[in-house]
Amino acid sequence: MSKSASHRNCIEIVVTSTISTTISTFFHCCVKVLDPAYRHDPALFPQDSHNNTRTNLNAAQLLALGSVWYLPLSSSTKSSTIDRFDPKCGVKPTRLNIGDWNKTIKSGEYLRIHFDPRRFLDTNLYDWGTIDGILNETSGKPGVVVARDDEAGYIIINKPCNIPVHARVDNVLENVASSIGRMLWLERRESLLADDNGEEMKDEEDEMVTVGNHTYKRRRRSKQRKQKIEPLVYVATPQRLDQNTSGLLVVGTKKTFAAYFAKLLRTKTSGQLRLGGSTTQYSSNCGVHKTYKCLVCISPQASTSMVSEVNRLKGYTNEVMKHYLEPSIRAPKRFVETVPDDVDNVEAWAECLLRITNVTTVCTVVGNEPSDILAKSLWGEYGKPDECVGIAELEIELLTGRTHQIRGQLAATGFPLVGDVQYDGAVPNTSELYKERCKGRVESNLDSERLALQCCSLEFLDPNHDEASSHYEKQKKSKRSERWNSFRLDHAFWSPFIIKFDIECADVSSSEATSSLDDEALHLKEAGTKDVDLLPHDSASTHDIPPRVILSQGGHKYVVIKATLTEGDRESWFVRSSSPEECGGPYHANVAEEVLHQLHTLGYLTQVMGGGRIDYIDNEEVKHAHVFGFSYGFGKGDHEQVASIIEQYSDIIATFDNSNGLY
């Protein structure tokens, strides 16, 4: 009957039978009796509680889901190196559906069957015609509609995570466009039924008819009404959001508005490129503004701290961030600050512009119970990168619209988005159960994560509708008005997690306190600039120098300090650990304050090189110090060097652990 070649989660079949057959016969399925609702309602398909899970669809369901593609005999090519689906063949493949159940296929014709299509079951968790934040009384599902204007021809929705905007190659039903189209179709059908039931039926009335000698009553029918032609439902998505991005999304329900909004986006991008990211908010070249809210990872390097990284991030505020996007269809995308010199086509590297308008919140994700709970809420049990010690919430104005632009530009700057596996903002789940759910597919592993990125604000010039006659038809054309439509979301999915973190941090004991960042920086500044009576350099003898190592028993924060009398002089190193009661506060800066004051008095130049924690035991049997963790304010100390200093200047046995994620 056929010969096939198996690819990843799909099979390619060339029909070899000499007798023509139908799709229904080929699949050995009785599609004829399938519920017509299968054409458009994914809720009727097998459901599972997890995304990207095998649901064992039969042949009829694969047809209804749009998982079967067809190429006619004319697409055959003698070249074995060209894929039949390659556009070079000159024939476009056709997606089959339930309506093609009786389609005849001949020998030499070609089918591609995605036998294990990717499912996006979250699509069925929402009511796509109900107002956002309200549960539908009938279905009990939450709504997504933020605004709707049927006259202008658009719907604004609050798009949830993990739902694609448009059809995928193996799934045409479980996406935003299809869900909105189904909602509009159901509304249209109910409206037509209501119109029919509301009309007075005057189809029949009696009349007397005489034929020969006989007279009788005859039922006379009124003039038959013309059959109503149901208008087609139109849905377009001129604005796109990534599958795992949430927030405000424009869906066009009329061609005129879809074309109008698409033109606004094109004009915005070209205008911003021409102006270089002008700060003029409502310039004549820009009829649409989008603001995004996101969480980024704070991951200090060996020579930096969380405080310094947050300050670096804040330094980008209200500055235009510029990168260039490498031309490629693959993800993750490559974003660079300058185009490499060795590329052949410099113009192909798209210029990308965005502006960080505000850094609103900074939270720690390591160090105490509230931080651990926040991390698990955002990444789950597996996802948090080890080097990430904090997060920051940003508001971003997108000046140009490129694929993965916010994700890629922030990652290129060292601040990947929380949950973004592709750009190092999360690590893949390595559990065997998760691998089974992903069915070994890399893309399932990547974009099934929940991305902390939301389109939170949308503004665009309201279109006017002018009647215009063409040679062929009378149609409505949209043009800009001077009135702005503004929409905003006040909360993202992560907002409750941060509110809970702030509340629980108020109850954290001083021994578990991490840092408020501002406090750490303030203590550091005060410790380094406090007025002291400096002694002459030659008076700072070895007897005056404070002890190199002072540790408090128990598990406490530590700092390591480098001191020199003059620049280029021999370095002296000091290690201190103490409890909050001993040093006067819960932060690493409190631990460093006293020794810094002593060294400044002696005329030393000092620098806190990092910190962490030391678990110190001092009893009759052993003196042992274990060095680990990090400091939010000073960064992670060189624990191996600290252990060596402790053993060199004391009789304490020291061990260390340089693992990330410890505090």
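Trainee: Why is Glu571 called partly exposed?

Mentor: In this predicted model, Glu571 has a relative accessibility of 41%. Buried requires under 20% and exposed over 50%, so Glu571, at 41%, counts as partly exposed.

Trainee: What makes the pair Glu571 and Lys562 a salt bridge?

Mentor: Their side chains meet with N and O at 3.8 Å. The criterion is a side-chain nitrogen of Lys or Arg within 4 Å of a carboxyl oxygen of Asp or Glu, and the pair is therefore counted as a salt bridge. A search of the whole structure finds 13 salt bridges.

Trainee: How do you know that Glu174 and Arg119 are joined in this way, and which parts of the chain do they tie together?

Mentor: The N to O distance between the side chains of Glu174 and Arg119 is 2.6 Å, and the limit is 4 Å, so the pair qualifies as a salt bridge. Glu174 lies in the loop between strand E10 (154–159) and helix H3 (176–198), while Arg119 lies in the loop between strand E7 (110–113) and strand E8 (127–131). The pair therefore ties together parts that are 55 residues apart in sequence.

Trainee: Are these two partners buried or exposed?

Mentor: Glu174 has a relative accessible area of 1% and Arg119 one of 0%. Buried means under 20%, so Glu174 is buried, and Arg119 is buried as well.

Trainee: What makes Arg355 and Glu397 a salt bridge, and where do they lie?

Mentor: The closest N and O atoms of Arg355 and Glu397 are 2.8 Å apart, which is within the 4 Å limit. Arg355 belongs to strand E17 (residues 350–364) and Glu397 to strand E18. The pair links distant parts of the chain, 42 residues apart. Both Arg355 and Glu397 are buried.

Trainee: Why is Lys384 said to have no salt bridge?

Mentor: The nearest side chain of opposite charge to Lys384, that of Asp386, is 5.4 Å away. A salt bridge must fall within 4 Å, so Lys384 has none, although Lys384 is buried.

Trainee: Where is Lys384 placed, and what does its side chain reach?

Mentor: Lys384 is in the loop between helix H6 (369–379) and strand E18 (390–398). Its side chain reaches the backbone oxygen of Cys388 at 2.9 Å. The polar-contact limit is 3.5 Å, so this pair falls within it. Leaving aside neighbours within four places in sequence, Lys384 is in contact with Val365, Val366, Ala375, Trp379 and Val427.

Trainee: How many residues does the protein have, and what percentage is buried?

Mentor: The protein has 663 residues, and buried residues make up 47% of them. There are 14 helices and 26 strands.

Conventions
Residues are numbered from 1 along each chain as its sequence is written. This is a predicted model: local features need pLDDT of at least 70, side-chain atom pairs count only at pLDDT 80 or more; totals for chains, interfaces and linings use all residues. Side-chain values use heavy atoms; hydrogens and water are left out. Helices (H or I, at least four residues) and strands (E, at least two) are DSSP runs, numbered from the N terminus. Buried means under 20% relative accessible area, exposed over 50%, partly exposed in between (1.4 Å probe, protein chains only). Lys and Arg count as positive and Asp and Glu as negative; His and the chain ends are not counted. A polar contact is a pair of N or O atoms within 3.5 Å; within protein, one must be able to donate a hydrogen and the other to accept it, and residues adjacent in sequence count only if both atoms are side-chain atoms. Contact means heavy atoms within 4.5 Å.
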